[in-house]
Amino acid sequence: MDAAEFFQYVIAGLKSGSIYALVALGFTVVYGATGIINFAQGEFFMLGGVLAVWFHSLGLPLPVAGIAAVAATALLGVVFERVALRRQRSANPLVLVIITIGASMVIKSLARHLFGPDELSLQEFTPGPSIDVAGAAVERQALWVWGLTIVAVLVLAWLYRRTKLGRAMRACSISHDAARLMGIDTARVVMVSFGIAAALGALGGFAVTPLTQTSWDAGAAIGVKGFAAAILGGLGNPVATVIGGLVLGLLESLSVAFLSSTYKDAISLLVLLVVLFVRPQGLFGKARRGKV
Amino acid sequence: MSGVKGSRTLMTPHLALIAAAVAVAAVPLLTPDRYVLKVLVYVGVNVIVIAGLALLFGHAGQISMGHAAFVGIGAYTSAYLVKTLGAPWLVGAIAATMLAAAGGLVLALPALRLRGHYLAMATLGFNEIMYVVFREARAVTGGNDGLGGIPYPEVAGLRIDTPVGVYLLVWGVALLTLLLVTNILRSRPGRAMRALHATENGALACGIDTVGLKIRTFALSAALAGLAGALYAHGVGFISPTTFGLDQSVIYVAIVVVGGAGSLAGPVLAAVALTLLPYADALVPGLTKETIAVMQDWEADIYGLAMIAVVIFAPAGIGGLLRRASARRAGEVRG
Amino acid sequence: MIFLSVRGLTRRFGGLTAVDAVSFDVHEGSIKAVIGPNGAGKSTLFNLITGFDRADEGSVMFDGASLVGRRPDAIVRAGLARTFQNTELFEDLTALDNVRIAADLGHPGGFLRSAIRFRLAPGERDGAARAVHLLRLAGIDGFADTPARDLPHGTRRLLEIARALATAPRLMLLDEPAAGLNGAETRTLIDALYRIRDEGVTLVVVEHDMGLVMEVAEEIVVLDRGAKIAEGPPLLIQKDRAVIEAYLGEECGDDGC
């Protein structure tokens, strides 16, 4: 394999890795604020693409359709938290897991009923030929994917560091009780976190649909991979999560390059299981003795 | 579970099982319809899986989002041994059960260190990996096209190749499973499981070996799922990877949730009801094909919403409602 | 005879040393108290001894056997039981069933044997009877059929003690058993502690209630910021300057408590 080919695989890995990073950030934001894993995160990703296609088919220009899809999904995330999860805050975490699992079942099935069982596609944001970078072909859409991911990460970073809300979110991720003592409205933080997580997932779904198409069942696979990425980096740590996403994308792509493409989907699963078995706190998390 | 009055309360579930056995035996006498019997075979298979999952998840509180994978392991193991290698059916069934149990042991290892959603994710990952294996190991599993022509079960030289025969075999195993699980739940391991579910620290403080308990419960639960898989494969004759995917695992969890943790009767009733739902035309002759199609189409929504509703409004599920009803009746008797 | 021997027990959390080279002995049949200001490391010490946490350094010998590195349930089986500061009861089970589960300890019952049983094993009937007896001992047999979550606070603590007793321990570690109890309940607790000691169980008690400690304890260990600063009989501890400075001085006057 020559350098250009290898670079092509790296590009592919960074491309899918960015998407994993966005979905993974959704997991991390919710986990940081609530301590639970939102099993419906993959469905938020799916809705981003599916809703964008639908809005676009109604006549909305592409960027507007995308914004509308992200906003609608964010709203759904907020509503879901308020309606289904809010009252269960003190419940057994298993209860919350079950609620998010049930929600993902319903969302997925509703998507099939509303938008059909077929694959849906979007045109590229800026149609045109691929760009040649050091012998590898980079699709223009990939640039959009990276661009949007970087923007999202920067916005999130700004949110965390510079805004009152961000400080409140960070406080919550350390301790809800302490945050409440400081006068923080933890219920609002949780609600906003769900909205942000949904928006991040939807953004990923919207950005990648022109490349991979989407459909009602696109959520499950990406959800698992996004979680694997998040836990690889370190759940709850946004920077680590993004790195985890990129690393996972690269691992997947390189495994196709050097092993075989048959078991490509199994790579992220193996990563997930290995991390959970061996080092549940991820690459950058602190080791905690006792159970996770 | 008020204990000291003991032996009398020990009998009630056994009486229920005897009644169930009578009902099961009566069905083929009432209707020899192949379709009805086939649907009831599906129900029986699910009852076996759910009995194991109720033990693991309902009682011991260890969530498994990968139980369909164990069913698949059992199904493919038995099918491959019997059809491709020509082994006798009992060998296939036993191997299926053992291999699934081994899978359960493997999955029990992360369970020792993980809780709640982390465990859910680990078992989910396991299911997804097994799905990839089922899909890609074409030589053994036939890949996406599935594995067909699986021979009928054969016990002691007797081929069970009639719908009634398969039905009786599956339900015989199902009733036996329910008997064994009921006994386990009412004795020390069952109490230990409930203690573990309530608070692991409390269980440890009572001298309960939670490590051994988790491992054994996972293995037993997986073994039952594997056995169910073997029965399914030979009873239906054709298996494919989609039957053993994540969606099915989620449905199993939904059934136990709706049926109610801490109970066996609840999940079993839920399994019967929910498995029958998409085939309701087998029981209710008046239903049209369209109605059935609609119900099957909205199956996932029904499961998902039922799960959420139960967890929020009736956390003890059907089992809890049953218990409250029987407690009320007992109160009336005592007066 | 020295029953429990702790030597150099240390536990660090990052930069913080929660338990700092603590050493003390407990004599068989005695009642020993561990006191200290909040954050002194008392509960952590208990967790280290009972296996709920792993010590970084040090040793724990119980009746000649080392406990370090053993799982909590193994330590219970070795004869050392504990109660928790925040009770870890089985909330949905009745008081009787809570104790029964611990009483199961004496009677083996694997999956296989249980699966094919149709009647109560004789051991089980004994276990149930023992559970009733222990509830009576703790004075709470009136609550036998009440779910743990519905029990009043004082009863919950007594229930946890009864449950720990059901494991037939030779030594019991009680973590703040009197927390949240009023005067009358504390009296009941003290009587129960004497009864337990008279049954031959050695007791080690973490407590903030100085009245209880001074009355019940034969010997006191004082911890402050993870380290032992004093050890001795109550009268000496009361007068110990280091102790008064660290702890008693904040609560009592110069004439002691």
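Q: OK, where does C:T83 sit?
A: C:T83 is in the loop between β6 (80–82) and α3 (95–103) of chain C. Helices (H or I, at least four residues) and strands (E, at least two) are DSSP runs numbered from the N terminus. This is a predicted model, where local features need pLDDT of at least 70, side-chain atom pairs count only at pLDDT 80 or more, and totals for chains, interfaces and linings use all residues. Residues are numbered from 1 along each chain as its sequence is written, while chains are lettered from A and ligands numbered from 1 in the order in which they are written.

Q: Is C:T83 buried or exposed?
A: C:T83 counts as buried because it has 25 C-beta neighbours inside 10 Å. The cut-offs are 20 or more other C-beta atoms within 10 Å for buried, 12 or fewer for exposed, and partly exposed in between, with C-beta atoms placed from the backbone.

Q: And what does C:T83 touch?
A: Leaving out residues up to four places away in sequence, C:T83 touches C:E160, C:I161, C:A164, C:L174, C:D175 and C:P177. A contact here is two C-beta atoms, placed from the backbone, within 7 Å.

Q: Switching topic, what domains does chain C have?
A: The assignment gives domain 1 (1–79 + 170–257) and domain 2 (89–168); such bounds come from an automatic or database domain assignment. The C-alpha centres of the two domains of chain C lie 27 Å apart.

Q: How many residues are in contact between domain 1 and domain 2 of chain C?
A: Twelve residues of domain 1 are in contact with twelve of domain 2 in chain C. On the domain 1 side, the elements giving two or more residues are α2 (72–77), β7 (171–175) and α7 (183–198) of chain C. Of these, α7(C) gives the most, with five residues.

Q: Now the sheet: what's the strand order in chain C?
A: Six strands form an open sheet, β6-β7-β8-β3-β9-β10 in chain C, with mixed pairing. Two strands pair if DSSP finds at least two bridges between them. β6 and β10 (227–232) of chain C each have a single partner strand, so one side of each is left without a neighbour in the sheet.

Q: How do β3 and β8 of chain C run?
A: Parallel: four bridges join β3 (residues 31–35) to β8 (residues 202–206) in chain C. There, C:A33 stands opposite C:V205 in β8(C).

Q: Last one, how much of chain C is buried?
A: Buried residues make up 47% of the 257 residues in chain C.
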